[in-house]
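These are my notebook entries on a structure I wanted to read slowly, one look-up at a time. I start with a whole chain and then turn to single elements and residues.

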Amino acid sequence: MFDRESAIKSWRAELERGGIRPAAVDELQSHLEDAMDELQTQGMSEEEAFGKAWRGLGQADELGQEFRKLRSLLLGDYLVLGVLGLLLGALGVLLWYLPTQQKLIMIDPLLLVHVGTLTTAYVLGGLFALAGCYCVLRRLVTRRAEDAWFERLSLLLRWAAPAGLVLALTGLVTGCFWAHQAWGAFWMGELKEWGAVAVTGWYALATIRLLRSKDRVYPLPAMTVAGGLVVLFSWFGAGGYAGRTSFLLVAAILVVALWSACRLFRREQERTLA
Amino acid sequence: MISKELVAASSEAIVLSILERGENYGYAIIRQVQESSGGQLEWTDGMLYPVLHRLEKRGLIQSRWKQGETGRKRKYYRLLAKGRRALEEQKKQWGTVQSTLNSLWA
(Lines give C-alpha, C1' and ligand atoms only; values in the text may rest on other atoms or scores of the structure.)
Protein backbone atom coordinates (compact mmCIF):
# COMPACT_ATOMS: atom_id res chain seq x y z
CA MET A 1 0.00 0.00 0.00
CA PHE A 2 1.44 3.37 -1.03
CA ASP A 3 1.96 5.76 1.87
CA ARG A 4 1.88 9.28 0.42
CA GLU A 5 3.10 10.99 3.57
CA SER A 6 6.18 8.85 4.10
CA ALA A 7 7.00 8.89 0.35
CA ILE A 8 6.99 12.69 0.39
CA LYS A 9 8.98 12.68 3.61
CA SER A 10 11.76 10.57 2.10
CA TRP A 11 11.67 12.63 -1.12
CA ARG A 12 12.11 15.78 1.00
CA ALA A 13 15.02 14.20 2.86
CA GLU A 14 16.74 13.37 -0.42
CA LEU A 15 16.37 16.94 -1.66
CA GLU A 16 17.74 18.32 1.60
CA ARG A 17 20.68 15.93 1.39
CA GLY A 18 21.24 17.34 -2.11
CA GLY A 19 21.84 20.74 -0.49
CA ILE A 20 18.44 22.36 -1.03
CA ARG A 21 17.19 24.48 1.86
CA PRO A 22 13.96 23.45 3.61
CA ALA A 23 12.19 26.66 2.50
CA ALA A 24 12.88 25.80 -1.15
CA VAL A 25 11.89 22.17 -0.54
CA ASP A 26 8.52 23.42 0.80
CA GLU A 27 7.94 25.19 -2.50
CA LEU A 28 8.98 22.13 -4.51
CA GLN A 29 6.63 20.00 -2.41
CA SER A 30 3.72 22.29 -3.21
CA HIS A 31 4.59 21.83 -6.92
CA LEU A 32 4.93 18.05 -6.54
CA GLU A 33 1.51 17.79 -4.92
CA ASP A 34 -0.12 20.00 -7.59
CA ALA A 35 1.39 17.76 -10.27
CA MET A 36 0.23 14.62 -8.43
CA ASP A 37 -3.33 15.95 -8.19
CA GLU A 38 -3.40 16.68 -11.91
CA LEU A 39 -2.00 13.28 -12.83
CA GLN A 40 -4.47 11.51 -10.55
CA THR A 41 -7.39 13.30 -12.18
CA GLN A 42 -6.08 11.87 -15.47
CA GLY A 43 -6.55 8.39 -14.01
CA MET A 44 -3.14 7.54 -12.58
CA SER A 45 -2.79 5.82 -9.23
CA GLU A 46 -1.33 7.84 -6.37
CA GLU A 47 1.94 5.89 -6.55
CA GLU A 48 2.33 6.34 -10.30
CA ALA A 49 1.48 10.02 -10.02
CA PHE A 50 4.08 10.47 -7.29
CA GLY A 51 6.78 8.78 -9.42
CA LYS A 52 5.96 10.83 -12.51
CA ALA A 53 5.73 14.12 -10.61
CA TRP A 54 9.09 13.40 -8.96
CA ARG A 55 10.74 12.65 -12.33
CA GLY A 56 9.21 15.82 -13.74
CA LEU A 57 10.76 17.92 -11.00
CA GLY A 58 14.23 16.50 -11.59
CA GLN A 59 16.91 14.72 -9.62
CA ALA A 60 18.02 15.99 -6.22
CA ASP A 61 21.70 16.39 -7.14
CA GLU A 62 20.97 18.37 -10.33
CA LEU A 63 18.52 20.62 -8.54
CA GLY A 64 20.90 21.00 -5.61
CA GLN A 65 23.63 22.13 -8.00
CA GLU A 66 21.35 24.85 -9.43
CA PHE A 67 20.27 26.04 -5.99
CA ARG A 68 23.88 26.16 -4.78
CA LYS A 69 24.72 28.61 -7.57
CA LEU A 70 22.29 31.05 -5.95
CA ARG A 71 24.21 31.14 -2.72
CA SER A 72 26.90 33.47 -4.05
CA LEU A 73 26.41 36.68 -2.12
CA LEU A 74 25.26 39.89 -3.73
CA LEU A 75 26.88 43.25 -3.10
CA GLY A 76 24.04 44.28 -0.76
CA ASP A 77 24.61 41.16 1.35
CA TYR A 78 28.32 41.95 1.61
CA LEU A 79 27.47 45.49 2.72
CA VAL A 80 25.05 44.26 5.40
CA LEU A 81 27.53 41.64 6.58
CA GLY A 82 30.30 44.26 6.57
CA VAL A 83 28.28 46.67 8.72
CA LEU A 84 27.32 43.87 11.12
CA GLY A 85 30.96 42.77 11.29
CA LEU A 86 32.05 46.34 12.05
CA LEU A 87 29.44 46.69 14.79
CA LEU A 88 30.43 43.40 16.38
CA GLY A 89 34.13 44.29 16.05
CA ALA A 90 33.57 47.69 17.67
CA LEU A 91 31.61 46.08 20.48
CA GLY A 92 34.37 43.50 21.00
CA VAL A 93 37.06 46.21 21.14
CA LEU A 94 34.99 48.20 23.63
CA LEU A 95 34.47 45.18 25.85
CA TRP A 96 38.15 44.26 25.71
CA TYR A 97 39.71 47.73 25.91
CA LEU A 98 37.50 49.93 28.08
CA PRO A 99 37.60 47.95 31.33
CA THR A 100 41.42 48.20 31.28
CA GLN A 101 41.33 52.00 31.27
CA GLN A 102 41.78 53.64 34.67
CA LYS A 103 39.23 56.38 34.04
CA LEU A 104 36.64 54.06 32.66
CA ILE A 105 37.28 51.18 34.98
CA MET A 106 33.84 51.65 36.46
CA ILE A 107 32.07 50.91 33.19
CA ASP A 108 30.36 47.59 33.42
CA PRO A 109 30.48 45.34 30.31
CA LEU A 110 26.78 44.74 30.84
CA LEU A 111 26.17 48.48 30.66
CA LEU A 112 28.28 48.70 27.51
CA VAL A 113 26.25 45.99 25.79
CA HIS A 114 23.03 47.62 27.00
CA VAL A 115 23.96 51.08 25.75
CA GLY A 116 25.57 49.80 22.53
CA THR A 117 22.72 47.56 21.43
CA LEU A 118 19.91 49.89 22.40
CA THR A 119 21.57 52.93 20.79
CA THR A 120 22.11 50.94 17.58
CA ALA A 121 18.43 49.91 17.65
CA TYR A 122 17.39 53.56 18.09
CA VAL A 123 19.72 54.72 15.30
CA LEU A 124 18.47 51.96 12.97
CA GLY A 125 14.85 52.97 13.64
CA GLY A 126 15.72 56.63 13.02
CA LEU A 127 17.51 55.87 9.74
CA PHE A 128 14.59 53.83 8.50
CA ALA A 129 12.18 56.57 9.47
CA LEU A 130 14.21 59.00 7.34
CA ALA A 131 14.14 56.54 4.43
CA GLY A 132 10.38 56.12 4.95
CA CYS A 133 9.86 59.92 4.90
CA TYR A 134 11.84 60.11 1.68
CA CYS A 135 9.70 57.36 0.13
CA VAL A 136 6.45 59.05 1.13
CA LEU A 137 7.61 62.42 -0.24
CA ARG A 138 8.83 60.78 -3.42
CA ARG A 139 5.49 59.06 -3.84
CA LEU A 140 3.64 62.34 -3.35
CA VAL A 141 5.84 64.18 -5.84
CA THR A 142 6.18 61.55 -8.56
CA ARG A 143 2.67 60.02 -8.06
CA ARG A 144 3.99 56.76 -9.45
CA ALA A 145 2.05 53.63 -8.60
CA GLU A 146 5.21 51.55 -8.39
CA ASP A 147 8.47 52.74 -7.02
CA ALA A 148 11.78 50.92 -6.79
CA TRP A 149 12.58 52.81 -3.56
CA PHE A 150 9.58 51.29 -1.78
CA GLU A 151 10.70 47.88 -2.91
CA ARG A 152 14.27 48.50 -1.81
CA LEU A 153 13.02 49.67 1.57
CA SER A 154 10.91 46.56 1.97
CA LEU A 155 13.88 44.32 1.14
CA LEU A 156 16.11 46.20 3.60
CA LEU A 157 13.46 46.12 6.32
CA ARG A 158 13.30 42.35 6.07
CA TRP A 159 16.85 42.39 7.40
CA ALA A 160 16.57 45.37 9.67
CA ALA A 161 13.34 44.65 11.57
CA PRO A 162 14.45 41.30 13.06
CA ALA A 163 17.98 42.68 13.62
CA GLY A 164 16.49 45.71 15.41
CA LEU A 165 14.30 43.42 17.50
CA VAL A 166 17.31 41.35 18.60
CA LEU A 167 19.31 44.50 19.38
CA ALA A 168 16.48 46.19 21.29
CA LEU A 169 15.64 43.03 23.21
CA THR A 170 19.30 42.48 24.11
CA GLY A 171 19.53 46.10 25.24
CA LEU A 172 16.39 45.77 27.33
CA VAL A 173 17.42 42.51 29.02
CA THR A 174 21.02 43.59 29.73
CA GLY A 175 19.65 46.90 31.02
CA CYS A 176 17.43 45.04 33.49
CA PHE A 177 20.36 42.96 34.74
CA TRP A 178 22.56 46.02 35.03
CA ALA A 179 19.85 47.86 36.96
CA HIS A 180 19.61 44.89 39.31
CA GLN A 181 23.37 45.08 39.93
CA ALA A 182 23.49 48.84 40.27
CA TRP A 183 20.19 49.73 41.90
CA GLY A 184 19.00 46.43 43.33
CA ALA A 185 15.91 46.09 41.15
CA PHE A 186 15.34 44.75 37.63
CA TRP A 187 12.69 47.33 36.83
CA MET A 188 12.45 50.86 38.15
CA GLY A 189 9.52 51.97 36.01
CA GLU A 190 11.45 54.92 34.58
CA LEU A 191 10.42 56.68 31.38
CA LYS A 192 13.71 55.59 29.81
CA GLU A 193 12.83 51.95 30.45
CA TRP A 194 9.32 52.32 29.06
CA GLY A 195 10.83 54.04 26.00
CA ALA A 196 13.03 50.97 25.39
CA VAL A 197 9.93 48.75 25.75
CA ALA A 198 8.15 50.92 23.17
CA VAL A 199 11.02 50.61 20.66
CA THR A 200 11.27 46.83 21.25
CA GLY A 201 7.50 46.57 20.82
CA TRP A 202 7.59 48.46 17.57
CA TYR A 203 10.37 46.22 16.19
CA ALA A 204 8.39 43.14 17.25
CA LEU A 205 5.28 44.43 15.46
CA ALA A 206 7.29 45.27 12.32
CA THR A 207 8.92 41.82 12.33
CA ILE A 208 5.61 39.98 12.77
CA ARG A 209 3.94 42.14 10.13
CA LEU A 210 6.76 41.47 7.66
CA LEU A 211 6.80 37.76 8.35
CA ARG A 212 3.04 37.54 7.91
CA SER A 213 2.68 39.64 4.79
CA LYS A 214 5.88 39.89 2.79
CA ASP A 215 4.02 41.21 -0.20
CA ARG A 216 2.77 44.40 1.40
CA VAL A 217 5.28 46.87 0.09
CA TYR A 218 3.27 50.07 0.17
CA PRO A 219 2.36 50.42 3.86
CA LEU A 220 6.06 50.04 4.71
CA PRO A 221 7.08 53.70 4.49
CA ALA A 222 4.19 54.60 6.80
CA MET A 223 5.30 51.84 9.15
CA THR A 224 8.89 53.11 9.21
CA VAL A 225 7.73 56.69 9.78
CA ALA A 226 5.63 55.43 12.72
CA GLY A 227 8.72 53.58 14.00
CA GLY A 228 10.70 56.82 13.76
CA LEU A 229 8.09 58.59 15.85
CA VAL A 230 8.30 55.82 18.45
CA VAL A 231 12.09 56.24 18.55
CA LEU A 232 11.86 60.02 18.70
CA PHE A 233 9.30 60.16 21.48
CA SER A 234 11.04 57.38 23.42
CA TRP A 235 14.27 59.36 23.26
CA PHE A 236 12.83 62.72 24.29
CA GLY A 237 10.24 61.16 26.54
CA ALA A 238 13.07 59.48 28.44
CA GLY A 239 14.64 62.87 29.10
CA GLY A 240 11.38 64.13 30.47
CA TYR A 241 11.15 66.62 27.60
CA ALA A 242 7.95 65.34 26.15
CA GLY A 243 6.31 64.25 29.36
CA ARG A 244 5.04 60.74 29.67
CA THR A 245 5.08 59.85 25.99
CA SER A 246 6.81 56.53 26.61
CA PHE A 247 3.85 55.24 28.62
CA LEU A 248 1.49 56.37 25.89
CA LEU A 249 3.64 54.69 23.23
CA VAL A 250 3.72 51.39 25.06
CA ALA A 251 -0.05 51.61 25.54
CA ALA A 252 -0.53 52.43 21.83
CA ILE A 253 1.67 49.52 20.76
CA LEU A 254 -0.23 47.17 23.06
CA VAL A 255 -3.52 48.37 21.57
CA VAL A 256 -2.20 47.82 18.01
CA ALA A 257 -0.90 44.36 19.00
CA LEU A 258 -4.25 43.47 20.57
CA TRP A 259 -6.15 44.75 17.56
CA SER A 260 -3.91 42.73 15.20
CA ALA A 261 -4.40 39.60 17.33
CA CYS A 262 -8.21 40.09 17.26
CA ARG A 263 -8.18 40.51 13.47
CA LEU A 264 -6.01 37.43 13.08
CA PHE A 265 -8.33 35.43 15.35
CA ARG A 266 -11.42 36.60 13.42
CA ARG A 267 -9.80 35.73 10.08
CA GLU A 268 -8.84 32.26 11.31
CA GLN A 269 -12.40 31.79 12.55
CA GLU A 270 -13.83 32.84 9.20
CA ARG A 271 -11.45 30.47 7.42
CA THR A 272 -12.47 27.60 9.68
CA LEU A 273 -16.17 28.35 9.09
CA ALA A 274 -15.59 28.58 5.32
CA MET B 1 12.16 20.66 -29.72
CA ILE B 2 14.08 23.78 -28.61
CA SER B 3 17.71 23.28 -27.51
CA LYS B 4 18.63 23.41 -23.80
CA GLU B 5 20.87 26.44 -24.32
CA LEU B 6 18.13 28.48 -25.94
CA VAL B 7 15.66 27.46 -23.25
CA ALA B 8 18.13 28.57 -20.57
CA ALA B 9 18.84 31.86 -22.32
CA SER B 10 15.19 32.73 -22.68
CA SER B 11 14.01 31.52 -19.26
CA GLU B 12 14.21 34.88 -17.47
CA ALA B 13 12.39 36.74 -20.23
CA ILE B 14 9.69 34.08 -20.30
CA VAL B 15 9.16 34.09 -16.54
CA LEU B 16 9.08 37.90 -16.38
CA SER B 17 6.61 38.00 -19.28
CA ILE B 18 4.27 35.55 -17.53
CA LEU B 19 4.45 37.52 -14.31
CA GLU B 20 3.73 40.73 -16.22
CA ARG B 21 0.20 39.32 -16.70
CA GLY B 22 -0.24 38.99 -12.95
CA GLU B 23 0.82 37.20 -9.79
CA ASN B 24 1.46 33.49 -10.29
CA TYR B 25 3.03 30.39 -8.73
CA GLY B 26 5.59 27.88 -10.03
CA TYR B 27 3.33 25.07 -11.18
CA ALA B 28 1.01 27.43 -13.06
CA ILE B 29 3.99 29.18 -14.66
CA ILE B 30 5.30 25.86 -16.00
CA ARG B 31 1.86 25.01 -17.38
CA GLN B 32 1.61 28.40 -19.04
CA VAL B 33 5.03 27.95 -20.69
CA GLN B 34 3.97 24.57 -22.05
CA GLU B 35 0.68 25.96 -23.29
CA SER B 36 2.17 29.06 -24.93
CA SER B 37 4.91 27.09 -26.68
CA GLY B 38 2.58 24.28 -27.77
CA GLY B 39 4.79 21.88 -25.83
CA GLN B 40 7.90 22.88 -27.79
CA LEU B 41 9.66 24.42 -24.79
CA GLU B 42 10.40 21.66 -22.32
CA TRP B 43 11.67 22.58 -18.90
CA THR B 44 12.56 20.21 -16.13
CA ASP B 45 9.91 21.50 -13.71
CA GLY B 46 12.32 21.88 -10.80
CA MET B 47 14.69 24.07 -12.80
CA LEU B 48 12.15 26.89 -12.80
CA TYR B 49 12.63 27.50 -9.09
CA PRO B 50 16.33 28.48 -9.14
CA VAL B 51 15.37 30.95 -11.91
CA LEU B 52 12.55 32.39 -9.77
CA HIS B 53 14.81 32.61 -6.70
CA ARG B 54 17.56 34.30 -8.71
CA LEU B 55 15.10 36.88 -10.05
CA GLU B 56 13.85 37.51 -6.53
CA LYS B 57 17.38 37.89 -5.20
CA ARG B 58 18.04 40.50 -7.88
CA GLY B 59 14.95 42.40 -6.75
CA LEU B 60 13.02 41.88 -10.01
CA ILE B 61 10.19 39.88 -8.46
CA GLN B 62 8.77 39.38 -5.00
CA SER B 63 7.21 36.31 -3.43
CA ARG B 64 4.66 35.51 -0.73
CA TRP B 65 3.07 32.33 0.56
CA LYS B 66 -0.66 32.19 0.02
CA GLN B 67 -3.21 29.51 0.75
CA GLY B 68 -5.16 28.41 -2.33
CA GLU B 69 -8.82 27.38 -2.54
CA THR B 70 -7.84 23.76 -1.96
CA GLY B 71 -6.08 24.72 1.25
CA ARG B 72 -2.63 24.04 -0.22
CA LYS B 73 -0.05 26.71 0.37
CA ARG B 74 1.66 28.06 -2.71
CA LYS B 75 4.40 30.59 -3.19
CA TYR B 76 3.15 33.36 -5.45
CA TYR B 77 5.49 35.66 -7.34
CA ARG B 78 4.78 39.12 -8.65
CA LEU B 79 6.70 41.50 -10.84
CA LEU B 80 8.31 44.55 -9.24
CA ALA B 81 9.05 47.90 -10.88
CA LYS B 82 12.69 46.89 -11.38
CA GLY B 83 11.51 43.65 -12.99
CA ARG B 84 9.21 45.57 -15.31
CA ARG B 85 12.16 47.69 -16.45
CA ALA B 86 14.33 44.58 -16.91
CA LEU B 87 11.55 43.00 -18.97
CA GLU B 88 11.33 46.08 -21.22
CA GLU B 89 15.08 45.78 -21.79
CA GLN B 90 14.76 42.05 -22.54
CA LYS B 91 11.95 42.73 -25.00
CA LYS B 92 14.18 45.21 -26.85
CA GLN B 93 17.08 42.75 -26.95
CA TRP B 94 14.98 39.80 -28.10
CA GLY B 95 13.30 42.08 -30.65
CA THR B 96 16.70 43.01 -32.06
CA VAL B 97 17.73 39.35 -32.29
CA GLN B 98 14.44 38.46 -33.96
CA SER B 99 14.57 41.27 -36.54
CA THR B 100 18.25 40.52 -37.29
CA LEU B 101 17.46 36.87 -37.96
CA ASN B 102 14.35 37.81 -39.95
CA SER B 103 16.34 40.11 -42.21
CA LEU B 104 19.08 37.53 -42.68
CA TRP B 105 16.60 34.80 -43.50
CA ALA B 106 14.36 36.88 -45.73
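What does the accessible surface of chain A come to, and how much of it belongs to carbon and sulfur atoms? I keep in mind that this is a predicted model, and I note that the surface of chain A comes to about 16400 Å², with 67% of that area belonging to carbon and sulfur atoms.

**Entry on chain A.** I looked up the secondary structure and found 10 helices and 0 strands in chain A, so that line of reading was brief because helices and strands here are DSSP runs. Going along the sequence, I wrote the pattern down as α-α-α-α-α-α-α-α-α-α. I then checked burial, and 35% of the 274 residues of chain A count as buried. For contacts in chain A between residues at least 6 apart in sequence, I noted that 66% join residues at least 24 apart.

**Entry on the sheet of chain B.** I turned to chain B, where 3 strands form an open, antiparallel sheet in the order β1-β3-β2. Its edge strands are β1 (24-25) and β2 (61-67), each of which pairs on one side only. I reminded myself that strands of a sheet pair through backbone hydrogen bonds, either parallel or antiparallel. Between β2(B) and β3(B), the latter covering residues 73-79, I found 7 bridges, with the two strands running antiparallel. I also noted that K66(B) stands opposite R74(B) in β3(B).

Is S10(B) buried or exposed? S10(B) is buried, because its relative accessible area is 11% and the cut-off for buried is under 20%. I also found a polar atom of the S10(B) side chain 3.2 Å from the backbone oxygen of V7(B).

**Entry on K75(B).** K75(B) counts as buried, since its relative accessibility is 13%. Which residues is K75(B) in contact with, leaving aside its neighbours within four places in sequence? I listed E27(A) from chain A, and from chain B N24(B), Y25(B), G26(B), H53(B), E56(B), S63(B), R64(B) and W65(B). For N24(B), which is 51 residues away from K75(B) along the chain, I noted a separation of 8.2 Å between the two C-alpha atoms.

How values were computed: Residues are numbered from 1 along each chain as its sequence is written. Chains are lettered from A and ligands numbered from 1 in the order in which they are written. This is a predicted model: local features need pLDDT of at least 70, side-chain atom pairs count only at pLDDT 80 or more; totals for chains, interfaces and linings use all residues. Side-chain values use heavy atoms; hydrogens and water are left out. Buried means under 20% relative accessible area, exposed over 50%, partly exposed in between (1.4 Å probe, protein chains only). A polar contact is a pair of N or O atoms within 3.5 Å; within protein, one must be able to donate a hydrogen and the other to accept it, and residues adjacent in sequence count only if both atoms are side-chain atoms. Two strands pair if DSSP finds at least two bridges between them. Helices (H or I, at least four residues) and strands (E, at least two) are DSSP runs, numbered from the N terminus. Contact means heavy atoms within 4.5 Å. Accessible areas come from the Shrake-Rupley method with a 1.4 Å probe; for residues, only the protein chains shown count as cover.
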